[in-house]
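Trainee: I would like to learn how to read features from a structure model. Could you take me through some, one by one?

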Amino acid sequence: METPQLTSLYQQLILEHYRNPRNKSELDGKSVEVHMANPVCGDEIRLQLRIEDDRIAEAKFVGQGCSISQAAVSMMTTLLEGRSLDEADHLARRFTDMMHGDGDAAKDRDLGDLRALQGVSKFPVRIKCALLGFDALQEALKKEFGGEAH
Amino acid sequence: MGTISAEPRRGSRAGFDVERVRGQFPALAQSINGQPLAYLDSAATSQKPRAVLDALSAYYEHDNANVHRGIHELSRRATIAFEDARGTVARWVNAAEPAEVIWTRGTTEALNLVAMAWGLDNVEEGDEILISVLEHHSNIVPWQLLAQRRRAKLRYIEIDEQGRLVLDDLSRLLTERTKIVAISHVSNALGTINPIERVVDAAHDAGAVVVVDGAQGAVHTPVDVQALGADFYAFSGHKMCAPTGIGVLWGRRDLLEAMSPYQGGGEMISVVEREQSTWAAIPHKFEAGTPNIAGAIGMGVAIDFLAEIGMEAIVEHEQDLLSYALERLRPIPDIRIFGPDSLSERSAVVSFTLGDAHPHDISTILDSAGVAVRAGHHCAQLVMKHFGVSSTARASFYLYNNRDDVDRLVAGLAQVSAIFA
């Protein structure tokens with residue numbers, strides 16, 4: 001017997017990204033790389049970005065972990081190409097808002113496939129799984145742009 | 001404290017009634033996500049019986065005082081209860097005397113105590129410490145720290161495809177430089193029961209001391225430290241119905257007496273002067289500072305509770321559940337169960353993966369059905385690496401679990417399979 005919450009957590013789109021992750025490979029000519037792990041559960045990713053003219057030209061990752069962490073980072077990478085620092089940072093903030101139950105953020109079309117992860121907000125112990133990729137992104141932005149990140 | 005009385009240490013099988021046992025654990029009588037709780041995470045920590053909870057309240061309501069310090073009535077009562085609990089532990093593991101029982105925060109602190117007190121005194125550059133791949137991080141990292149400080153070498157006993165120690169080349173692994181052999185009695189990640197006596201005999205022949213991590217062993221097997229023949233045995237209260245924050249290091253008197261203290265402070269001294277001090281006799285030499293008095297008393301009560309039910313009866317019940325669980329789990333498509341095939345070589349722990357569902361997803365889905373299991377590396381990353389996985393799901397059984405809990409687990413796993421189909 002599946003609860004409605006479970007159904008909303010494990011949407012087909014999430015399982016599809018988990019099984020067929022996008023942009024999962026080493027990135028040639030990367031400008032910045034961040035390793036982010038959750039020691040509690042062993043989920044880990046290495047996020048690699050190629051930056052050109054202060055914009056993210058390419059984003060790839062390698063990693064392993066649960067469906068939520070791996071689907072979230074896969075979805076995230078599909079949305080980064082061509083974004084500036086501010087735009088990428090904004091995306092991270094909107095996603096974090098959605099994870100903390102912000103209904104408006106959950107309707108933000110800018111979040112693309114990531115909106116499928118809205119159900120994670122009902123599972124507090126899994127929110128950190130969903131945020132692993134964005135934590136890595138924000139770390140990468142900090143590294144690459146130094147004091148400019150806000 | 002005097003010597004051990006001759007009273008029976010463990011009760012009899014007479015009428016083990018799991019429903020009656022369950023009724024004594026208040027935390028089990030609740031619903032999680034609209035379903036009755038099926039608590040299958042006792043290898044992480046056990047639930048606590050009413051008797052232990054009541055003992056904690058009673059101690060704080062009536063007897064609370066510091067031990068070994070006061071002349072007044074409450075201090076006298078607290079001291080008696082605290083030392084009586086030590087005696088109860090000593091009888092439970094068949095220690096030669098209560099003074100060989102050191103109170104610690106748990107297994108981890110007990111193992112660190114041996115590494116830092118006996119280890120720093122006795123291990124020199126070039127010496128060897130032998131542990132196994134099967135160990136919990138708490139029986140790996142303290143030895144790494146010791147090895148680094150002393151420039152000693154850490155060596156490993158490997159495990160086979162069923163997660164059992166490979167002991168065929170034990171005589172090669174033990175050399176004249178081996179000072180310490182540290183091994184778990186029962187694996188927390190896989191449930192493997194290790195042949196401690198065999199390791200002890202070989203280690204002693206080589207002149208090494210044997211430290212046993214009994215965090216799971218003391219819970220799932222009757223422990224007789226004198227029969228095991230080890231030199232140190234460490235275990236925790238919280239996995240055996242006692243509160244968190246209390247545990248035990250048992251050690252042989254001659255070793256404990258020769259060891260330097262682990263921490264300095266009150267209670268562990270005899271005379272303090274400006275430049276130096278002299279130490280109290282064991283066990284107090286290793287118990288600096290105000291101890292976890294309520295925890296120790298709670299541990300004594302927990303042991304009385306277990307003894308009344310009877311350790312043999314508990315083990316028999318757990319083995320019955322384990323057998324039933326394996327019988328129900330093995331036919332599930334795409335399940336991979338880790339650990340020994342033979343029931344006689346494993347305790348009531350089932351570590352598994354299911355298809356491409358990550359263990360955390362398994363745990364979330366099971367939790368939605370009220371079934372609590374552990375997911376992760378179980379503080380045994382070397383074991384995970386051995387099997388080429390990053391984590392597993394782990395269901396562990398204790399005296400209060402019943403067949404319905406197993407059925408609920410199996411039903412929950414069907415849901416996992418459906419979602420990840």
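Trainee: Let's begin with accessibility. Is B:R164 buried, partly exposed or exposed?

Mentor: This is a predicted model, so keep in mind that we are reading computed values. To class a residue, look at its relative accessible area: under 20% is buried, over 50% is exposed, and in between is partly exposed. B:R164 has 22% relative accessibility, so B:R164 counts as partly exposed. B:D160 comes out at 17%, which means B:D160 is buried.

Trainee: Why mention B:R164 and B:D160 together?

Mentor: Here is the general idea: side chains of opposite charge can pair when their charged atoms come close. B:R164 and B:D160 form a salt bridge, with 3.0 Å between the closest N and O atoms.

Trainee: How many salt bridges are there in the whole structure?

Mentor: Over all chains, the search finds 34. One of them joins A:R50 to A:E52, where the closest N and O atoms are 2.2 Å apart. A:E52 is partly exposed, because its relative accessibility is 43%. Salt bridges can also share partners: A:E26, A:K30, A:E33 and A:R46 are joined into one network in that way.

Trainee: What parts of chain B does the pair B:D41 and B:R394 tie together?

Mentor: For a question like that, look at where each partner sits. B:D41 and B:R394 form a salt bridge whose closest N and O atoms are 3.6 Å apart. B:D41 is in the loop between β3 (38–39) and α2 (50–63) of chain B, while B:R394 is in strand β17 (residues 392–396), so the pair ties together parts 353 residues apart in sequence. Both B:D41 and B:R394 are buried.

Trainee: Now the interface, please. How many residues of chain B are in contact with chain A?

Mentor: On the chain B side, 15 residues are in contact with 19 residues of chain A. The two chains bury about 1500 Å² between them, 50% of it on carbon and sulfur atoms. In chain B, the residues that lose the most area to chain A are B:H360, B:T364 and B:I419, which together make up 30% of what that side buries.

Trainee: And which pairs reach across?

Mentor: The rule finds two salt bridges across the interface of chain B and chain A. One of the bridges is B:D356 with A:R19, whose closest N and O atoms are 2.6 Å apart. On the chain B side, the elements giving two or more residues are α13 (359–368) and α15 (403–419). The largest share, five residues, comes from α13(B). Sorted by class, that side of chain B has five nonpolar, eight polar and two charged residues.

Trainee: How do I read a helix? Which residues of α2 in chain A are buried?

Mentor: List the buried residues, then look down the axis to find where they point. In α2 (residues 12–19) of chain A, the buried ones are A:I14, A:L15, A:H17 and A:Y18. Looking down the axis of α2(A), the buried residues fall within an arc of 160°, so they line one face of the helix. Their cover includes α1 (4–9) and α3 (67–80) of chain A, along with α15 of chain B.

Trainee: Which residues are buried in α7 of chain B?

Mentor: In α7 (residues 196–205) of chain B, they are B:I196, B:V199, B:V200 and B:A203. These buried residues fall within an arc of 100° down the axis of α7(B), so they too line one face of the helix. They pack against α6 (170–173), β7 (178–184), β8 (209–213) and α9 (225–228) of chain B. After α7(B) comes B:G207, with a positive phi near 85°.

Trainee: Which residue other than glycine has a phi near 80°?

Mentor: For backbone features, read the angle, then the place in the chain. B:C241 has that positive phi, and B:C241 lies in the loop between β9 (232–236) and β10 (247–251) of chain B. With a relative accessible area of 0%, B:C241 is buried. B:H378 also has a positive phi, about 55°, and is found in the loop between β16 (374–376) and α14 (381–386) of chain B. B:H378 counts as buried, at 0% relative accessibility.

Trainee: Where is the cis peptide bond that has omega near 5°?

Mentor: That bond runs from B:I282 to B:P283. B:P283 lies in the loop between β12 (277–279) and α11 (293–309) of chain B.

Definitions and conventions
Residues are numbered from 1 along each chain as its sequence is written. Chains are lettered from A and ligands numbered from 1 in the order in which they are written. This is a predicted model: local features need pLDDT of at least 70, side-chain atom pairs count only at pLDDT 80 or more; totals for chains, interfaces and linings use all residues. Side-chain values use heavy atoms; hydrogens and water are left out. Contact means heavy atoms within 4.5 Å. Buried area is the accessible area (1.4 Å probe) that two parts lose on being put together, summed over both. A salt bridge is a side-chain nitrogen of Lys or Arg within 4 Å of a carboxyl oxygen of Asp or Glu. Helices (H or I, at least four residues) and strands (E, at least two) are DSSP runs, numbered from the N terminus. Ala, Val, Leu, Ile, Met, Phe, Trp, Tyr, Cys and Pro count as nonpolar, Asp, Glu, Lys and Arg as charged, and the others, Gly among them, as polar. Buried means under 20% relative accessible area, exposed over 50%, partly exposed in between (1.4 Å probe, protein chains only). The arc is that of the directions from the helix axis to the C-beta atoms.
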